[in-house]
Amino acid sequence: MALLFRGTVLGLAVCLWLAAVSVGVGWLWSYNHAAGALARPPSQWPEASAIARVADRHTLVMLAHPRCPCTRASIEELSKLMTTTRGRLNAVVIFVTPNKASSEWQQTDLRASAARIPGVSTIVDAGGREASSFGALTSGQVVLYDAHGQMMFYGGITSSRGHIGDNLGRNAIEALILGQSSRTGNSQVFGCPLFDASECPIPE
């Protein structure tokens with residue numbers, strides 16, 4: 001009788017454990033595939049921006065929170081994009097920081113990784129003035145402008161939060177820069193809120 005009771009308790013415990021695991025996995029999957037707020041940037045290069053646009057090629061602007069772990073994948077995808085476009089793309093990563101953030105707070109491995117990519121420059125956007133001029137709300141959002149300052153694409157370059165691999169956004173930008181037709185002019189962006197990365201549960 002006691003053996004039967006122990007078996008029943010063990011079976012119940014296993015069922016509860018499996019149920020908890022299923023709920024956790026389901027929540028994580030839902031979170032990873034939940035897109036951030038996508039704001040439509042200005043159709044022409046914003047006059048309010050202090051960034052110098054290059055006049056002989058496309059310019060891509062990425063808006064990022066320096067402490068958003070989800071954006072690591074976006075930086076990796078940007079590196080691939082710079083390689084495949086073979087010098088035809090000028091890229092700037094704008095790191096949004098609070099007005100009173102210390103230099104230590106701003107200096108993260110994410111920012112260092114972006115700075116190491118050939119052809120990519122990085123700037124600190126204290127208070128988010130540049131981010132506001134490009135209409136960005138989510139870390140990892142990119143905006144592509146042509147040599148005349150006309151917007152050609154906006155959105156994200158990952159398929160989910162923190163996921164590295166083939167995705168709609170990067171493919172679209174590659175096609176546009178290489179003179180091919182693109183299936184879309186925008187894509188979902190996956191990342192933390194640009195002005196508050198505290199909502200990211202993934203450890204840095």
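This report describes the sheet, the helices and the nonpolar cores of a predicted model.

## Basis of the values

In this predicted model, local features need pLDDT of at least 70 and side-chain atom pairs count only at pLDDT 80 or more, while totals for chains, interfaces and linings use all residues. Residues are numbered from 1 along each chain as its sequence is written, and side-chain values use heavy atoms, with hydrogens and water left out.

## The sheet

An open sheet is formed by 5 strands in the order S3-S2-S1-S4-S5, with mixed pairing; strands (E, at least two residues) and helices (H or I, at least four) are DSSP runs numbered from the N terminus, and two strands pair if DSSP finds at least two bridges between them. The edge strands, each pairing on one side only, are S3 (120-126) and S5 (151-155). On average, and with direction ignored, neighbouring strands of this sheet are turned by 15 degrees against each other, where axes are lines fitted to C-alpha atoms (for helices over the stretch in contact) and angles run from 0 to 180 degrees between N-to-C directions.

Strand S2 (residues 89-97) runs parallel to S3 and is joined to it by 7 bridges, with phenylalanine 95 standing opposite valine 124 in S3. Helix H6 (residues 168-177) packs on the sheet, where it touches S1 (58-64), S2, S4 (141-145) and S5, and its direction makes about 165 degrees with that of S5; contact here means heavy atoms within 4.5 Å.

S4 pairs in the antiparallel sense with S1 over 5 bridges, and leucine 144 is the bridge partner of leucine 60. The pairing of S4 with S5 is also antiparallel, over 4 bridges, and valine 142 has glycine 155 as its bridge partner. The hairpin of S4 and S5 has 5 residues between the strands, and in it glycine 149 takes a positive phi near 85 degrees.

## Nonpolar cores

A nonpolar core is a set of buried Ala, Val, Leu, Ile, Met, Phe, Trp, Tyr and Cys residues joined through side-chain atoms within 4.5 Å. The largest one has 23 residues, of which Leu60, Met62, Leu78, Val93, Leu144 and Ile173 touch the most other members. At least two residues of this core come from each of S1, H2 (71-84), S2, H4 (109-115), S4 and H6. A second, separate core of 15 residues includes Trp45, Phe134, Tyr154 and Leu194.

H2 has 14 residues and reaches 20 Å from its first C-alpha to its last, close to the expected 20 Å, which is 1.5 Å times one less than its number of residues. Its buried residues include Ile75, Leu78, Leu81 and Met82, and among the elements covering the buried residues of H2 are S1, S2 and H4. Arginine 86, which follows H2, has a positive phi near 50 degrees.

Valine 96 lies in S2 and is buried, with a relative accessible area of 4%. Not counting residues up to four places away in sequence, valine 96 touches residues including Ala64, Asp125, Leu194 and Phe195.

Notes. Buried means under 20% relative accessible area, exposed over 50%, partly exposed in between (1.4 Å probe, protein chains only).
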